[in-house]
Every structure is written in C-alpha cells, then in structure tokens.
Amino acid sequence: MQKNSFFFISAFDVGEFVHFLVQKERAGSPALRDFWESKLEEIRVRSRKVVNRVAADRVMPEAERAVFYSNSLYVAISLFVTLWEGKTLPEISERFGLSRASAIEVLAFLVEANVCREKEGHYASGPQKTHLEEGSPHVSRHHCNWRLRSMHQSEDLSPQELMYTAPITLSREDFGLFRERMLTFSQDFLQRVHASPG
C-alpha cells in the first residue's frame with residue numbers, strides 16, 4: 001500500500017483488498033505485481049467515490065432528476081416536510097412564498113417521485129433518500145442552486161448559525177487526509193441527520 005494514500009474500504013471490499021495485497025507480495029514477476037497493484041488501485045478508486053459512501057434508497061429516473069435538481073425549491077420542500085411530523089399545504093406555501101397552485105404542483109411531483117408522502121392533508125418525508133453521483137449532468141446545477149441559497153441566507157445568519165469560507169493551499173498528502181476525513185464526516189453526518197427527529 002502506498003505510504004500517503006488515504007481511503008476507506010467498505011466491509012464488502014476488505015476481503016478482496018487483503019487477497020490482492022497478499023497476491024501482490026507473492027508475485028514472482030514485475031508484470032504480475034503490476035497486475036495485482038492495478039486491482040488494489042481499483043478498490044482505492046472505488047473507495048474515494050462519494051456514491052459508495054452515501055446510501056440512497058433508489059436511483060431516480062432521469063426524467064425525475066431533471067425536475068428535482070432544476071431548482072433548490074424541490075429539495076428544500078422535501079426537507080421542510082421532515083420537520084415536526086409533516087406540514088400542510090398552507091404552511092408550505094407561506095414558508096416558501098408560493099402560490100397555492102405552485103405549491104400543489106411541486107408537492108404532486110415530490111409525492112409521485114416518492115420523496116414525500118401525503119396523508120390527510122399533511123405532507124411528510126417519503127421513504128426515499130436521494131444522492132446525485134459524480135458525473136451526473138445535474139451536479140453543477142445542484143451545487144449552484146444551494147450555493148446561491150447559502151449566499152442569500154448569509155445576510156440573515158443568527159448567532160447560533162455558522163458559515164465559514166476559507167480559500168487554502170495544502171500538500172497532496174494533506175489533501176488526501178482531509179478528503180477522507182470529509183467523506184467519513186459526511187457519512188456520520190448523514191446517519192445522524194436521518195435519525196434526527198427534526
């Protein structure tokens with residue numbers, strides 16, 4: 001294993017990784033060592049992908065993704081309804097400054113996409129958690145939507161809230177270390193968020 005590589009190995013990959021590591025050490029030729037090293041590198045690359053560290057219940061069909069990630073409103077409403085055992089249509093309309101018709105349209109989509117559920121006029125979180133994988137054409141729009149929302153929110157931060165921006169430079173070794181820590185933090189963060197009562 002490379003001295004300065006930082007990565008997480010899923011339980012599924014551990015046995016395979018150890019097997020490849022042993023085979024590499026036993027290899028009788030440079031070509032065979034290179035072959036086993038390439039197998040180890042495949043696992044390292046797989047371990048660095050966020051999609052392999054963050055669970056999603058199902059992959060949204062492309063047509064649903066195009067709508068869901070087109071505007072931060074869809075994600076924001078799907079999060080808002082997780083609070084205090086659901087929200088009513090008037091509460092959602094008021095919170096997001098939407099007309100009744102617009103709120104109905106967004107909520108109908110979220111229910112159809114299984115991101116929200118509706119029962120007796122109350123909207124709550126559905127069974128589906130979503131994740132947008134690296135390489136999706138919707139990633140840049142999704143990041144842009146939420147960066148714009150955070151910029152607007154920065155003007156009204158309460159003393160309890162935290163927003164921090166720090167342009168930095170760092171070594172490759174430290175980059176690898178902090179990338180792994182951020183992935184681990186993201187996993188822990190999402191597990192706690194999903195378990196939180198809101």
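Start with helix α8. Select Gly176, Glu180, Leu183 and Gln187: these α8 residues are buried. Keep in mind that you are viewing a predicted model.

Now select all of α8, residues 172-195. How far apart are its end C-alpha atoms? They are 35 Å apart. At 1.5 Å a residue, the helix's 24 residues should span 34 Å, so the two values agree.

Next, go to the largest nonpolar core, which has 23 residues. Select Phe68, Ile77, Ile92, Phe96, Leu110 and Val115, the members that touch the most other members. Then color α4 (72-80), α5 (89-96) and α6 (100-112): each supplies at least two residues of this core. Which helix gives the most? It is α4, with 6 residues.

Stay here and center on Leu110. Beyond its neighbours within four places in sequence, Leu110 is in contact with Phe68, Tyr74, Ile77, Ser78, Val115 and Cys116.

Move on to a second, separate core of 6 residues. Select Ala27, Trp36, Leu40 and Ile43, which are among them.

Last stop: Lys24, in helix α1 (residues 11-26). Is Lys24 buried or exposed? Its relative accessible area is 13%, under the 20% cut-off, so Lys24 counts as buried. Show what surrounds it. Leaving aside neighbours within four places in sequence, Lys24 is in contact with Arg33, Trp36, Glu37 and Leu40. Trp36 and Leu40 also belong to the second core.

How values were computed:
Residues are numbered from 1 along each chain as its sequence is written. This is a predicted model: local features need pLDDT of at least 70, side-chain atom pairs count only at pLDDT 80 or more; totals for chains, interfaces and linings use all residues. Side-chain values use heavy atoms; hydrogens and water are left out. A nonpolar core is a set of buried Ala, Val, Leu, Ile, Met, Phe, Trp, Tyr and Cys residues joined through side-chain atoms within 4.5 Å. Buried means under 20% relative accessible area, exposed over 50%, partly exposed in between (1.4 Å probe, protein chains only). Helices (H or I, at least four residues) and strands (E, at least two) are DSSP runs, numbered from the N terminus. Contact means heavy atoms within 4.5 Å. The expected span of a helix is 1.5 Å times one less than its number of residues.
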